[in-house]
Each structure stands twice: as C-alpha cells, then as structure tokens.
Amino acid sequence: MFKKVLIANRGEIAVRIIRACRELGIQTVAVYSTADKNALHTMIADEAVCIGPAPSKDSYLNMRAIISACEITGADAIHPGFGFLSENASFARTCEKCGITFIGPRATSIEMLGDKAQAKETMKENGVPVIMGSDGAISNIHAAKSLAAQLGYPVLIKASAGGGGRGIRIVNEESELEKQMTAARQEALACFGNDEVYMEKFIVDPKHIEIQILADNYGDVIYLGERDCSMQRRNQKVLEEAPSPASFMTPRLREKMGKAACTAARVCGYRNAGTIEFLVDKNGDFYFMEMNTRIQVEHPITEQVTGIDLVKQQLLIAQGEHLSIKQEDVKITGHAIECRINAENPEQGFRPSPGTIRSLFIPGGFGVRVDTAVYQGYEIPPYYDSMIGKLIVHGKDRQEAIAKMTWALSEFIVEGVNTNVDFQLKLIRRPEFIEGNYDNAFLNRVDILKQREE
C-alpha cells in the first residue's frame, strides 16, 4: 500500500481523491497555488504545500514544483485527477524516472492515445470502428480540399493533440475550409502547443456515448457500462447520465461497444481507469472518437449504478494489485444523472462568475450526492475552470432519477455568485430530455433560457 499520495490537482476532484485515500489508510499531500491558500483540499489533506502563484502554468502545471513537493513530503505516488497534468506523458515519464508512482497509465499509452490521429489509426488497424477521415495529420490545404471532396461535406477539422472540445471546427462547404482549418490550428497551438490537425467526416446529430474501463497490469480489462454525454454546449459536457436512455441503447449495442472499448485498451497496453468515447449515429452504428487516459469528471454516475469506487480502483491498480472484479460481476442497477454546477451567468453567454459565496445550501437525501470543494465564505478564484461542484442523483429507474434531480436542483442555493443551477433545472424539465430524445446538437437547436425552438 502507498504510504503517502500527493494530489496534483485542486477543487472537488482533489477532495474526492483525498477521501478515497483516507478510506484505504493512505496519507495525503495537497498542493495549492497562492490563490487556493484557503481551498478545502488544503484543509483536509494531511499536509499541504504551496507550489506557486495563481496562474496554472506557474503552479498546477509546474512539474518541477510538484515533483519537489513529493520529495520534501516523502510522497511515493501522485494522483493527477483530471485536467492539468493528468494526460501529460512527459509528467508521467518524469514521475517514473524519479521513482514516484504515477496513478494512471504508462507514458507510452498516454502518448499513443494523446495523438488523436495516431490513436484513430491504431484503432482502425485493430478492428475498432472509426469515422472515415485522414490517415494522420493533414499536411496542407490542398490535401485537405482533396480529402473533403472525397468524404463529402460537412467535415470536421480536429486538433491531433486536442481534448475538451478545443481545436474543433465544422466545415460545411469548401469556401470555409481554409479559414476554419487555420482557426483550428491556431487554437490547437494555443491550447496544446501542437498545431497539427486531422479531418474526419462529420456525423450529423449523433449520440456521444462513452464506455468506462478498468485495466490492471496483468492484461485484465473490464467495462463498466456506458455514460450518455450527448447534452453538450459548444462541445462542453453539461449533463451526463448512466445508462443511456433505453429508447436509444440496447443490451446488444452496449455489449458490442463494451467489447470494442476493451479491445481499444488492450491494443494500447493500457492500465488503470480510462474512458473510450464513441459517436453513435441514428442507425446504432458507433465510431471511436478518442480515449481519455484519466478519471473523468462524470465518473460518479458510473459509481452510482455499479457500486464500484473508481478512485479506489485506480489506487489499487497503481500499486500492482490484480483486478478483483470480473466482467460477470459488473451489474448496472438503476439510473444516475449528473449536473455540472458552474459559477457562471447563463444570461450573459455563460460568462464565469468568480467571487465570494455568501450563502450555501447543498441538497441531500436518499440517492443524492454532491461532489464539491466550496463552502460558505469561500472565494471562487477567477483563474481556473468555473465548475464548483457536481450534483449526482441515483434512482431505481430513469423516471425516479429525473424526479430526484428536479427537486435537488430546486433546493440547491448558492448566493454571492451566479450559477447555472436554474439553467440545469430548465434543461431537466424539457420534454425532449424526459423522453430521452436528444443528441449532441440539442443545445445548438434549442434555446433553454427562452424555452423555445430557435
């Protein structure tokens, strides 16, 4: 068992990891920027180390400072959470060189899957369905025009090293191609330090379905059902549910996608927790999109329907234990929904709303879970992601889960800053959501705030 784990992250995920470590009897080290001096994760960890000023590049992305914090505290492992350095192969490799266990996949797996074009080619070679598109990065506009003509418009230009909805552009006709390709490259360079892009056929109004997997160091891989992440705004997830509505998902499709996800993990020599993301068209045909080599923001809904603590599993796998769960042990029970609670103003284009929380009431009750790191009097800094918590509910079926989420959102009170709670409440009440009749373009078509079709 690890003696001490350093959490190279902040916010609710840092708190989540600290709690899992506590249950396993592992001591924890929190790292923080000067802006997070009074953050909850610094208070509940066994030790806390300041690693730099507020900007992420000087603190949570500062590999040298994080490794130094490990050395001075005697931490023998690092959990990167999600975001920041969680999918940075160089960081994982540095941990290995310093004799520190990186709680995640090997650096080689991160590299292979981090290059989206290379990952797609690897999946194609191993029989995992992929979307038609370029073989690797596109070298120039002439090659792009030729390929787009073969695929047929609309097409997608995507950052090879991308993620989180960044570096993506839809191109509807040839006259837009050069402009959108340039814009995608510029955003990719700014976000990922790599301006390579690739092209694929744009699938109109698909479902965004992801499969959670666990893989140990001995070749055993299992899948834990799916999460429906189709409710997105500008390629950013807003709400997730597990399993996908029965009006769309069938047991046969779930099994096919689960087996394809396990194949994807095996061909990459993957270990630890990971998520394979697929697009699924209206005919039920699915296509590999990418693999996230970390714990996901939406992991709690999988925990709720399977009863499996994914963060604990990450820790156990990282310290060399065999998976104690077999595929036949995985049972999906009931239905879970997660709403991301953000400090933002939906009425003003979802502009971030940092500031001090003057009053806070968090809902509770049977089947209600809130993962958060905020408290009354906490000052939300302006430097990081606007998500301040995740509201998760679990019911015996989808209807009960929707009912629980409706009253839980109604009870959620945050005063002092703007939040998207009312937006989420309007969304959960939409007849399209209640019927499970939505895809990943839904929020582009429907104005939730005005409750009317655009």
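Author: Gladly. This is a predicted model. By the rule used, it has 1 cavity of 30 Å³ or more.

Reader: What makes that space a cavity, and how much space lies in it?

Author: A 1.4 Å probe fits there but cannot get out, so the term is cavity. About 30 Å³ of space lies in the largest cavity.

Reader: Which residues line the largest cavity?

Author: The lining includes His79, Pro80, Gly81, Phe102, Ile103, Thr293, Arg294 and Gln314. By class, the lining residues divide into 5 nonpolar, 6 polar and 1 charged. Gly counts as polar in that tally.

Reader: How much space lies in the second largest pocket, and which residues are closest to its centre?

Author: About 260 Å³ of space lies there. A pocket is an open set of points, whereas a probe in a cavity cannot get out. Of the 15 lining residues, Pro346, Thr419, Val421, Asp422 and Phe423 are the closest to the centre of this pocket.

Reader: Which element gives the most to the lining of the second largest pocket?

Author: α13 does, with 4 residues. β15 (344–345) and β22 (413–415) each supply at least two. The lining has 8 nonpolar, 3 polar and 4 charged residues.

Reader: How many disulfides does the count come to?

Author: The count is 0. A disulfide needs two cysteine sulfur atoms within 2.5 Å. For Cys21, the closest cysteine sulfur is in Cys70, 12 Å away, so that pair is too far for a bond. For Cys95, the closest is also in Cys70, at 6.7 Å, and therefore too far for a bond.

Reader: Why are Cys21 and Cys95 called buried?

Author: Buried means under 20% relative accessible area. Cys21 has 0% relative accessibility, so Cys21 counts as buried. Cys95 has a relative accessible area of 0%, so Cys95 is buried as well.

Reader: What makes a set of residues a nonpolar core?

Author: The members are buried residues of listed types, joined through side-chain atoms within 4.5 Å. The largest such core has 38 residues. Leu239, Ile337, Leu391, Leu409, Leu427 and Ile428 have the most contacts inside this core. Elements giving two or more residues to it include β11 (236–242), β14 (335–342), α12 (398–411) and α13 (421–428). A second, separate core of 34 residues includes Val5, Ile26, Ile44 and Ala273.

Reader: Which residues is Ile337 in contact with, leaving aside its neighbours within four places in sequence?

Author: Contact means heavy atoms within 4.5 Å. Among the residues in contact with Ile337 are Leu239, Ile301, Leu391, Val393, Met405, Ile428 and Phe433.

Terms used: Residues are numbered from 1 along each chain as its sequence is written. This is a predicted model: local features need pLDDT of at least 70, side-chain atom pairs count only at pLDDT 80 or more; totals for chains, interfaces and linings use all residues. Side-chain values use heavy atoms; hydrogens and water are left out. Buried means under 20% relative accessible area, exposed over 50%, partly exposed in between (1.4 Å probe, protein chains only). On a 1 Å grid over the protein atoms alone, a cavity is a set of points where a 1.4 Å probe fits but cannot get out, and a pocket is an open set with protein on both sides within 12 Å along at least five of seven lines; lining residues have an atom within 4 Å of a point. Grid points are joined across faces, edges and corners, and a volume is the space filled by probe spheres set on the points.
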